[in-house]
Amino acid sequence: MSENLHTRALQLVAKARVEGLADSERDWLAAHLQDCDFCNEHAQQTDRALRALRTAAISVPAGLASRTQFRVRLRAMELSEREPQRRMLWLACAASWIVGIASAPYVWRMFMARRTHRHAQARLANWIRSLVDHSRAVRGQRPASGERAADRRAGLDEARQLTLSRKA
Ligand SMILES: [Zn+2]
């Protein structure tokens with residue numbers, strides 16, 4: 001069999017799954033796949049890969065998605081009676097939450113799979129700690145760390161000296 005025939009067959013295998021085939025193309029491909037083990041195996045592998053992609057379920061804590069959807073719908077109904085203008089804005093926010101919640105475990109899994117666990121966990125823990133420190137520092141609850149407290153004290157002393165020298 002000529003190389004061109006196999007190339008055409010593999011192109012049609014792909015085309016069938018993207019845009020569909022004309023009747024003549026479908027007949028020709030079916031006949032080729034019956035005779036050619038190589039192309040037949042390729043077609044089956046493509047189907048298996050696509051099926052695996054489609055069924056790669058993203059696990060969400062049980063009931064969370066449906067509870068969230070229920071609350072969103074309830075709130076949307078409330079708003080549509082009182083404030084129809086704000087309804088669309090609210091729905092858009094809700095949609096982004098749902099996508100965020102649904103994708104979080106998936107993103108997490110990808111993140112963990114990409115790096116060695118201990119390294120990733122240490123980096124993530126450091127990052128979270130720095131966020132917490134930062135938000136505390138912003139709210140002025142307490143200094144982010146001993147070092148920063150010392151920095152701040154040094155800064156205050158400097159400012160005090162500046163104002164003193166200006167007054168003098
Ligand atoms: Zn072939």
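These notebook entries record what I looked up in a predicted model of one protein chain.

**Entry 1. Confidence**

I began with the confidence of the prediction. The protein chain has an average pLDDT of 72, and 37% of its residues score at least 70. I then looked at the separate elements. I noted a caution for later reading: where pLDDT is low, the predicted coordinates should not be read in detail.

**Entry 2. Overall make-up**

I listed the secondary structure next. The protein chain holds 7 helices and 0 strands, and its pattern along the sequence is α-α-α-α-α-α-α. I checked burial over the 168 residues of the chain and found that buried residues make up 4%. For contacts between residues at least 6 apart in sequence, I noted that 44% join residues at least 24 apart.

**Entry 3. Helix α1**

I turned to helix α1, which runs over residues 3-18 and has 16 residues. From first C-alpha to last it reaches 23 Å, close to the 22 Å expected at 1.5 Å a residue. Which residues of α1 are buried? I found A9, L12 and V13. Viewed down the axis of α1, these buried residues fall within an arc of 105 degrees, so they line one face of the helix. On the face turned away from the buried side I found the exposed residues E3, N4, T7, Q11, A14 and V18. I also looked just beyond the end of the helix, where G20 takes a positive phi of about 85 degrees.

**Entry 4. What α1 packs against**

I asked which elements the buried residues of α1 pack against. They pack against α2 (23-35) and α3 (37-55). I then searched for the largest nonpolar core and found 6 residues in it: A9, L12, V13, L29, C39 and A43. Both α1 and α3 supply at least two residues of this core, and the largest share, 3 residues, comes from α1.

I examined A9, which lies in helix α1. Is A9 buried or exposed? I recorded A9 as buried because it has 22 C-beta neighbours inside 10 Å, against a cut-off of 20 or more. Not counting residues up to four places away in sequence, A9 touches L29, H32, C36 and C39. I also took the separation of A9 and A43: they are 34 residues apart along the chain, and their C-alpha atoms are separated by 9.2 Å. For V13, leaving aside neighbours within four places in sequence, I found contacts with H42, A43 and T46.

**Entry 5. L5 and W28**

I looked up two further residues, L5 in helix α1 and W28 in helix α2. L5 counts as partly exposed because it has 14 C-beta neighbours inside 10 Å. W28 is also partly exposed, with 16 other C-beta atoms within 10 Å. I noted one separation for each residue. W28 and R8 are 20 residues apart in sequence and 9.9 Å apart in space, C-alpha to C-alpha.

Definitions and conventions. Residues numbered from 1 in each chain as written. Predicted model: local features only at pLDDT ≥ 70, side-chain atom pairs only at ≥ 80, totals over all residues. Helix = DSSP H or I, 4+ residues; strand = E, 2+ residues; numbered from the N terminus. Expected span 1.5 Å × (residues − 1). Buried ≥ 20, exposed ≤ 12 C-beta atoms within 10 Å, placed from the backbone. Arc of directions from axis to C-beta. Contact = placed C-beta atoms within 7 Å. Core = buried A, V, L, I, M, F, W, Y, C linked by C-beta atoms within 7 Å. pLDDT = per-residue confidence, 0-100.
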